[in-house]
Amino acid sequence: MQINKLINFDYKYFFKNGLWVYFSYFTSIGTGFFLSFLYANYLTKQTFGEFNFILSFLSLMTVFSLPGMGQALNHSFIKKYHGNYLIAIKQTFLTSLAGSLILVGIAFNYLLQNQTNFFYSFIILSFLFHFISISTYYQSSYIAVKNFKLISLINITSFLATFISVTFTIIYYPSSFFLI
């Protein structure tokens, strides 16, 4: 009797999909490591501080992006409730409007203080915040049909595109405004 039938474990499925998921994780870790190296060696302390300051505000605003909605969509797609996808996008888009308005308020506060770098960065974030909030919802449909290879390839492409664009920006335009 085979061991996989004895313990009810499909090792072929596990290795086939698990390797793609781990490859995606290792790509994420690798690009993060190299970006940290670039941040440390090519940015000034002030620019790096401004960049982290802006990202910290973006992190605070994620509460308005309904962070648990992706997990709810996973369960919904598994149970074949595909109509919930548009409802989730609509609800997240509407609640992220509050986050965008707060970012606009912060931007105008910095405009009044004559800090245009922060103003432009927060204005750009306020417009992109809606799309950042719903940017991973498409993955729920792929998780439901267990297409981990496609999810991993999309994530790897995203990591590499981010790595290339941020590397280019750090080297040629090392300003917190352009890093956003």
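In this predicted model, the largest nonpolar core has 13 residues, and those with the most contacts inside it are Leu103 and Phe122. Such a core is a set of buried Ala, Val, Leu, Ile, Met, Phe, Trp, Tyr and Cys residues joined through side-chain atoms within 4.5 Å, where buried means under 20% relative accessible area with a 1.4 Å probe, protein chains only. Helix H3 (45-61), H5 and helix H6 (116-133) each supply at least two residues of this core, and H6 gives the most, with six residues. Helices here are DSSP runs of H or I with at least four residues, strands are runs of E with at least two, and both are numbered from the N terminus. Leu103 touches Met61, Phe122, Leu125, Ser126 and Phe129, leaving aside residues up to four places away in sequence; a contact means heavy atoms within 4.5 Å. A second, separate core of seven residues includes Leu35, Leu38, Val166 and Ile170.

Across the protein chain, the secondary structure comes to nine helices and zero strands, and buried residues make up 32% of the 180 residues. The C-alpha trace spans about 75 × 40 × 20 Å along its principal axes.

Residues are numbered from 1 along each chain as its sequence is written. Local features need pLDDT of at least 70 and side-chain atom pairs count only at pLDDT 80 or more, while totals for chains, interfaces and linings use all residues, and side-chain values use heavy atoms, with hydrogens and water left out.

Terms used. Buried < 20%, exposed > 50% of the residue type's maximum accessible area, 1.4 Å probe, protein only.
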